[in-house]
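Here are some notes for a first look at this structure. Please read them with the model open beside you.

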Amino acid sequence: MHNALLMAIGGGVLSALLYLSVTAGGLGTVILAYLGPLPLLMVGLGLGLRSFLIAGTVAVLVVAGFGGPLFGLSYGLANGIVVAVIVRQALLARTAPDGTLEWYPPGLLLVVLTGLGLSGLLLAALLTLGDPGGLEGSVRQFLSIAFGDAAAGTAGAEEPLTDLVDGFAQVFPGMVIVSWLTMAIINAALAQGVLMRFGRNLRPAMRVAEVELPNWTPMLLAAAGVLALIGGEGQLGYLAVNAAIVLLVPFFFAGLAVVHAFAGGRQARTLLLAVFYFFLLVSGWPIAMVVGLGVIEQWAGLRRRFSRTGPDQES
């Protein structure tokens, strides 16, 4: 108990320091800040929800102590909530009829995280309701200031800058949330991997090949698409477009599940996955293909078919 308390406090302090590193400036500190949730996830997935609450509280207090209450609040919103959701849902389990433990499925966890992202989008829209142009107007103002500072002193940059802001503003909230969710998922995978390496994990591995989305998820994506068409260039259309972007996240991982299931049935599994992830990271264009594969998977059941063609794999 004493060791668990010390580890929780240490995890909270480390997470806060990683988050605060961004104040030093530089690309490297941004990467460190992205790793801020990792110590909290290791505490939560290795020691449980209660230890995470201690670590999270310590982290918020440390961040607030260095940067002020608003900085502490931003840390809690950016890291604390999403980690709390991951830890709580990931550690849920029930006894199956055959006596074995059934752990919370990774596909449902992805859906819950996507719902959290959509809630954040809706909250942002409500908070900017009284601003000129609502959320879209606030985003344009923010981007104009950010890009304006970057282009200050560059002759003839005003017109291209306006076009850049106009184009980027259309998808900015959705892309920010997608980035936030992706980093949370990557941190969770890293935390679980490290814990398993040292035999400290509370639940078994959540394998990519096991990601299976509920049947109703394509309807949510279709509804967002219809609302985007109906809403046009108004606030409804703006919100629907960005909601659709966020809703693509679970389909991306469903597409990855198909890729892992396909590779898992081949002898050159490791080589296939290495080549695939290389092109995914370097080119970027396969992302759209993987999302499309995830959508098709909901009707075609490709993952189950590929899983039956090979031996049981770890993915």
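1. A term comes first: a residue is called exposed when its relative accessible area is over 50%, buried when that area is under 20%, and partly exposed in between. Keep in mind that this is a predicted model.

2. Start with helix 10, residues 217-231. This helix has 15 residues. Its first and last C-alpha atoms lie 21 Å apart, close to the 21 Å expected at 1.5 Å a residue. Its buried residues are Thr217, Pro218, Leu221, Ala224, Ala228 and Gly231. Viewed down the helix axis, they fall within an arc of 165°, so they line one face of helix 10.

3. Which exposed residues does helix 10 carry on the face turned away from its buried side? They are Met219, Leu229 and Ile230. On the buried side, the cover includes helix 6, helix 11 (235-264) and helix 13 (286-300). Just after helix 10, glycine 232 takes a positive phi of about 60°.

4. Helix 6 covers residues 106-127. Its 22 residues should span 32 Å at 1.5 Å a residue, and its end C-alpha atoms are 32 Å apart, which agrees. Among its buried residues are Pro106, Gly107, Leu113, Gly117, Leu121 and Ala125.

5. How many salt bridges does a search of the whole structure find? It finds five. Arginine 140 takes part in one with glutamate 136, with the closest N and O atoms 3.0 Å apart. Both residues lie in helix 7 (residues 134-150), four residues apart, about one turn of the helix. Glutamate 136 counts as buried at 12% relative accessibility. Arginine 140, at 24%, counts as partly exposed.

6. Arginine 140 also meets aspartate 166 in a salt bridge, at 2.5 Å from N to O. Aspartate 166 lies in helix 8 (residues 158-169) and arginine 140 in helix 7, so the pair ties together parts that are 26 residues apart in sequence. Aspartate 166 counts as partly exposed at 33% relative accessibility.

7. Glutamate 212 forms a salt bridge with arginine 304, the closest N and O atoms being 2.8 Å apart. This pair links distant parts of the chain, 92 residues apart. Glutamate 212 sits in the loop between helix 9 (172-197) and helix 10, while arginine 304 is in helix 14 (residues 302-309). Elsewhere, shared partners join Glu136, Arg140 and Asp166 into one salt-bridge network.

8. Last, look at the surface. Leu271, Val275, Phe278, Phe279, Leu281 and Val282 form a nonpolar patch there, with about 650 Å² of accessible area together. Phenylalanine 278 belongs to helix 12 (residues 269-282).

Terms used:
Residues numbered from 1 in each chain as written. Predicted model: local features only at pLDDT ≥ 70, side-chain atom pairs only at ≥ 80, totals over all residues. Heavy atoms only, no water. Helix = DSSP H or I, 4+ residues; strand = E, 2+ residues; numbered from the N terminus. Expected span 1.5 Å × (residues − 1). Buried < 20%, exposed > 50% of the residue type's maximum accessible area, 1.4 Å probe, protein only. Patch = residues over 30% accessible without salt bridge, like charges linked within 9 Å, V, L, I, M, F, W, Y side chains within 5 Å. Areas by Shrake-Rupley, 256 points an atom, 1.4 Å probe, with all protein chains shown as cover. Salt bridge = Lys/Arg side-chain N within 4 Å of Asp/Glu carboxyl O. Arc of directions from axis to C-beta. Contact = heavy atoms within 4.5 Å.
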